[in-house]
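I opened this notebook to record what I looked up about charged pairs and about the contact between domains. The entries follow the order in which I worked.

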Amino acid sequence: MKTKMTEAFRKYEGGLFSEVTKADVSVSISSLEKEGIDLLAWADPFYPDPSTPPHVIEAMVKAIKEGGANHYTHPIGNEELRIRISKKLKEYNNIDANPHRNIMITPGSDSGLYFAMLPFISSGDEVMIPDPSYPNNFQNVEIMGGKVVPVPLKEEYHYQININDFEDRLTSRTKMIVLTNPNNPTTTVFTRRSLEALAQFAIENDLIVIVDQAFEFPVFDGREMVTLASLEGMWERTVTVFSTSKGMGLSGFRVAYIVAEDHIMDTYYGSAVSVVGATNTFSQIGAIAAFDNDEYTKEMEASFLRRRDMVCKILGGIPGVHVEKPESGFLSWVNISKLGSGEFITDYLKRNAKVIVNSGGHYGEQGKGYIRIVQGALADEERLENALRRIGNALIELADNKGITNF
Ligand SMILES: Cc1ncc(COP(=O)(O)O)c(C=O)c1O
């Protein structure tokens with residue numbers, strides 16, 4: 001029967017018939033944990049330790065006890081939550097979104113991103129995606145029958161947008177750009193200059209832009225977080241997808257939101273039941289409590305900052321290793337190309353440091369000589385430091401064995 005699937009889907013393997021090395025299948029994760037391996041490979045704040053803010057728990061428990069939480073919420077999402085989000089969009093994103101026309105709640109931004117792209121992609125449409133980038137961006141386009149056009153982001157430009165690289169790849173089939181801002185895995189916060197250049201390019205060539213802002217806070221060192229849809233001429237051609245999973249630490253709640261102008265949103269509203277059904281009722285009530293009182297995110301930010309500095313201190317200066325100082329969030333993008341490929345180093349660290357990190361090749365061709373480390377994992381910073389030191393010591397030993405003395 002599998003031969004009856006579309007070619008795009010058929011090639012994916014879930015690991016039932018082969019060993020899966022990716023860390024996103026539950027069976028393999030639990031067995032790794034039993035072996036005492038620390039998983040620094042899931043972009044999930046403080047995973048796997050409990051970290052739900054008490055006032056959020058209280059709101060959800062109350063909703064469950066009062067009854068009604070077992071019922072559907074309207075497919076476009078809880079109205080009160082949409083109103084809270086419109087306030088946040090005004091204050092943080094410089095976007096004036098009508099909660100009844102421009103916002104839709106989705107069960108996480110993974111499904112939100114899929115839904116955001118779905119109405120636009122027909123077979124053969126070309127979609128420009130910065131490389132390296134969040135792997136789902138590539139996969140979504142492929143399974144919708146579109147053609148991925150990777151646009152390299154270069155370390156020498158600190159992974160900012162070089163618009164010539166987009167212009168060089170433009171064809172009559174180019175329809176869309178998918179941008180993750182701040183970028184996963186590089187943590188790059190795109191500058192106003194980068195985004196203005198991209199906006200001009202999109203307007204001149206009549207392109208639709210999907211922007212994933214799952215990592216929009218925190219950003220570090222006083223950087224400006226610019227929402228592309230707020231730039232002149234972009235509201236009508238940008239669909240922005242936000243999430244409560246990262247900076248708000250509510251990944252298990254599966255609450256995200258799509259923001260778009262009326263005509264685009266009208267299509268999402270009209271097809272919401274078919275595509276997403278509805279988002280979990282009591283999770284949305286928990287999310288309202290989190291938006292109402294988000295003081296706890298300040299502690300998260302302070303912790304992410306300490307963790308960033310910890311990574312730079314422990315891995316900076318190791319021969320053959322270059323850590324670009326993370327600009328946002330809780331990830332690190334580490335150039336290990338002098339020591340080996342991302343695949344090789346990931347496997348080496350699993351065996352020698354008992355830590356799982358991500359191989360950079362998952363994020364595109366440009367990522368092959370890199371690894372991604374999720375320093376936001378684990379609640380206990382001492383345990384994290386210990387895991388990072390094991391990574392550092394293993395890499396020092398490898399560099400030593402290879403006779404590498406500088407970067
Ligand atoms: C860049 C980016 N976007 C979106 C997501 C999906 O997040 P969620 O579905 O939890 O909102 C992730 C998850 O890792 C991510 O890294």
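Entry 1. Residues adjacent in sequence count only if both atoms are side-chain atoms. I also noted that the model is a predicted one. With that rule I found 20 residue pairs in polar contact across the interface of domain 1 and domain 2, both residues at pLDDT 80 or more.

I then asked which elements of domain 1 each supply at least two residues of the side that touches domain 2. I listed α1 (7–10), α11 (296–315), β10 (331–335) and β13 (370–374). The largest share, seven residues, comes from α11. Sorted by class, this side of domain 1 has 15 nonpolar, nine polar and eight charged residues.

Entry 2. I went back to the division of the chain. Domain 1 is made up of 2–51 + 296–400, and domain 2 covers 54–292. Taken over C-alpha atoms, the centres of the two domains are 24 Å apart. I recorded 32 residues from domain 1 and 35 residues from domain 2 in the contact.

Entry 3. I next looked up the interface area. The size of an interface is often given as the accessible area lost when the parts come together. For domain 1 and domain 2 the buried area is about 3000 Å², with 55% of it on carbon and sulfur atoms. Which three residues supply more of the area that domain 1 buries against domain 2 than any other three? I found Y296, E327 and Y363, which together supply 24% of that area.

Entry 4. I turned to salt bridges. I counted 24 in the structure, and three between domain 1 and domain 2. I noted a salt bridge between E142 and K11, whose closest N and O atoms are 2.8 Å apart. I also traced a network of salt bridges that links D221, R223, R308, D309 and E327.

Entry 5. I examined two pairs within helices. K62 and E66 form a salt bridge, with the closest N and O atoms 3.4 Å apart. The two residues are four apart in helix α3 (residues 54–66), so about one helical turn separates K62 from E66. Are they buried or exposed? Both K62 and E66 are exposed.

The second pair is E385 and R389, bridged with the closest N and O atoms 2.8 Å apart. Both lie in helix α13 (residues 381–402), four residues apart, about one turn of the helix.

Entry 6. The side chains of K175 and D125 meet in a salt bridge of 2.9 Å, N to O. K175 lies in strand β5 (residues 174–180) and D125 in the loop between α5 (109–117) and β3 (126–131), so the pair ties together parts that are 50 residues apart in sequence. K175 counts as partly exposed at 30% relative accessibility. D125 counts as buried because its relative accessibility is 6%, and buried means under 20%.

Notes. Residues are numbered from 1 along each chain as its sequence is written. This is a predicted model: local features need pLDDT of at least 70, side-chain atom pairs count only at pLDDT 80 or more; totals for chains, interfaces and linings use all residues. Side-chain values use heavy atoms; hydrogens and water are left out. A salt bridge is a side-chain nitrogen of Lys or Arg within 4 Å of a carboxyl oxygen of Asp or Glu. Buried means under 20% relative accessible area, exposed over 50%, partly exposed in between (1.4 Å probe, protein chains only). Domain bounds come from an automatic or database domain assignment. Contact means heavy atoms within 4.5 Å. Buried area is the accessible area (1.4 Å probe) that two parts lose on being put together, summed over both. A polar contact is a pair of N or O atoms within 3.5 Å; within protein, one must be able to donate a hydrogen and the other to accept it, and residues adjacent in sequence count only if both atoms are side-chain atoms. Ala, Val, Leu, Ile, Met, Phe, Trp, Tyr, Cys and Pro count as nonpolar, Asp, Glu, Lys and Arg as charged, and the others, Gly among them, as polar.
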